[in-house]
Amino acid sequence: MPSDDVKPETLFTCTRCGDCCRGYGGTYVDAVDIAAIAAFIRTEPSVVVERYCRRSGGKHLLAQREDGYCVFWDESCTIHPVKPRMCRRWPFIESVVAEPQNWLIMAGLCPGMRTDIPLPRVRDCIVAVLTAEGQRGMP
Ligand code: SF4
Ligand code: SF4
């Protein structure tokens, strides 16, 4: 369970600014993500791959439009209920556990993240989130 002291919702509230839905890093999607997106938009996984993904290093990435935004961005995430795991987990990711300073670097890009919480407490919270996620078997 997340820490009693600092809860995920205390550390982060998405402002839906869209800054993380734009850029060249890309959003990786696996078969589970693709199947969920396909069901949500009522099509086949193969269509999602063909129309909305591109390949990178043998993996699928969500395609980006010419303006750099994710193909599913339209003022907000149009597939929010089924957005890929990579999008859902942000900013509770392993790299902050490995190096808590990364939280501050990430916060420089994401206005939804608080920077006034001591980093050891941020780290503890993320460890708890990831542990709970692993226990639930989140893919
Ligand atoms: S950059 Fe942060 S606050 Fe903005 S949409 Fe992405 S997660 Fe939400
Ligand atoms: S799937 Fe949604 S949350 Fe993820 S990058 Fe695309 S628009 Fe943003």
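This report walks through the model's confidence, its sheet, its nonpolar cores and the surroundings of its ligand.

## Model and confidence

What we have here is a predicted model, so local features need pLDDT of at least 70 and side-chain atom pairs count only at pLDDT 80 or more, while totals for chains, interfaces and linings use all residues. Residues are numbered from 1 along each chain as its sequence is written, and chains are lettered from A and ligands numbered from 1 in the order in which they are written.

The protein averages a pLDDT of 90, with 93% of the residues at 70 or above; pLDDT is the predictor's per-residue confidence, from 0 to 100. Among the elements, helix 3 has the highest mean (98) and helix 4 (residues 85–89) the lowest (88). Helices (H or I, at least four residues) and strands (E, at least two) are DSSP runs, numbered from the N terminus.

Three strands make an open antiparallel sheet in the order 1-3-2; two strands pair if DSSP finds at least two bridges between them. Strand 1 (28–29) and strand 2 (53–56) are the edges, each with a single partner, so one side of each lacks a neighbour in the sheet.

Strand 3 (residues 59–62) is joined to strand 2 by four bridges and to strand 1 by two. Opposite Leu62 of strand 3 stands Cys53, and opposite Leu61 stands Arg54. Strands 2 and 3 form a hairpin with two residues between them, and Gly57 in the turn has a positive phi of about 55 degrees. As for the faces of strand 3, His60 and Leu62 are on the covered one, Lys59 and Leu61 on the uncovered one.

## Nonpolar cores

The largest nonpolar core has 12 residues, including Val29, Cys53, Leu62 and Phe72. A core here is a set of buried Ala, Val, Leu, Ile, Met, Phe, Trp, Tyr and Cys residues joined through C-beta atoms within 7 Å, and buried means 20 or more other C-beta atoms within 10 Å of the residue's own, with C-beta atoms placed from the backbone. Helix 2 (31–40) and helix 3 (45–52) each supply at least two of its residues, and helix 2 gives the largest share, three.

A second, separate core of 10 residues includes Val6, Trp103, Cys125 and Ile126.

## Around the ligand

The shell of ligand 1 includes Cys14, Cys17, Cys20, Trp90 and Cys110, where a residue is near if its C-beta atom, placed from the backbone, lies within 6 Å. By class, the shell has six nonpolar, three polar and two charged residues. Ala, Val, Leu, Ile, Met, Phe, Trp, Tyr, Cys and Pro count as nonpolar, Asp, Glu, Lys and Arg as charged, and the others, Gly among them, as polar.
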